[in-house]
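Subject: Structure handover

Hello,

Here is the structure for you to look over. My notes on what turned up follow below it.

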Amino acid sequence: MKFVDPHSSDAAARKLVEIANGVEAVQDGRIFIERVNEPFLAAGGSGEQFRAGIERAIALGWLWRHESGTYVRFTGAICVIHD
């Protein structure tokens, strides 16, 4: 399954947010990156699409990524996902 076309990472960002929303957060709302990465790849996404999706979700203000890259958090911004 392709989540992004060569010109857009919005679909990948939406899929990542959808996956992250289903993951139980740990201390301080942390969602470990591997808990999002593994289901994304299992659904047919590529590593390149994952990176593009994370960057897009951060740029849109939906996710915040720790500087270590080990976890993300929801920012509290409203995310509306359209099909």
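Glu18 is partly exposed, with a relative accessible area of 48% (buried means under 20%, exposed over 50%, partly exposed in between, with a 1.4 Å probe and protein chains only). Its side chain meets that of Lys15 in a salt bridge, at 3.4 Å from N to O (a side-chain nitrogen of Lys or Arg within 4 Å of a carboxyl oxygen of Asp or Glu). Both residues lie in helix H1, three residues apart, about one turn of the helix.

Before going on, a word on the source. This is a predicted model, with residues numbered from 1 along each chain as its sequence is written. Local features need pLDDT of at least 70, side-chain atom pairs count only at pLDDT 80 or more, totals for chains, interfaces and linings use all residues, and side-chain values use heavy atoms, leaving out hydrogens and water.

The structure holds three salt bridges. Arg56 forms one with Asp10, with the closest N and O atoms 2.5 Å apart. Arg56 lies in helix H3 and Asp10 in helix H1, so this pair ties together parts that are 46 residues apart in sequence. Arg56 counts as partly exposed at 29% relative accessibility. Asp10 does too, at 25%.

Arg65 pairs with Glu55, and here the closest N and O atoms are 2.7 Å apart. Arg65 is partly exposed, at 32% relative accessible area. Glu55 is partly exposed at 40%.

**The fold**

The chain has three helices and three strands (DSSP runs numbered from the N terminus: helices are H or I with at least four residues, strands are E with at least two). From the N terminus on, the order is α-β-α-α-β-β. Of the 83 residues, 29% are buried. The chain exposes about 5200 Å², and carbon and sulfur atoms supply 50% of it (Shrake-Rupley method, 1.4 Å probe; for residues, only the protein chains shown count as cover).

**Helix H1**

Ala12, Ala13, Leu16, Val17, Ile19 and Ala20 are buried in H1. They cover an arc of only 160° around the axis, which puts them on the same side of H1 (the arc is that of the directions from the helix axis to the C-beta atoms). These buried residues pack against strand E1 (31–32), H2, H3, strand E2 (63–65) and strand E3 (71–74) (contact means heavy atoms within 4.5 Å).

**Helix H3**

Which residues of H3 are buried? They are Gln49, Phe50, Gly53, Ile54 and Ala57. Their arc is only 135° around the axis, which puts them on the same side of H3. They pack against H1, H2 and E2. The face turned away from the buried side carries the exposed residues Glu48, Arg51 and Ala59. Gly61 follows H3, and its phi is positive, near 85°.

**The core**

The largest nonpolar core has 17 residues, and Val36 and Phe50 touch the most other members (a core is a set of buried Ala, Val, Leu, Ile, Met, Phe, Trp, Tyr and Cys residues joined through side-chain atoms within 4.5 Å). Helices H1 (10–21), H2 (33–42) and H3 (47–59) are the elements that give two or more residues to this core. H1 gives the most, with six. Leaving aside residues up to four places away in sequence, Phe50 touches Leu16, Ile33, Val36, Asn37 and Phe40.

Best regards
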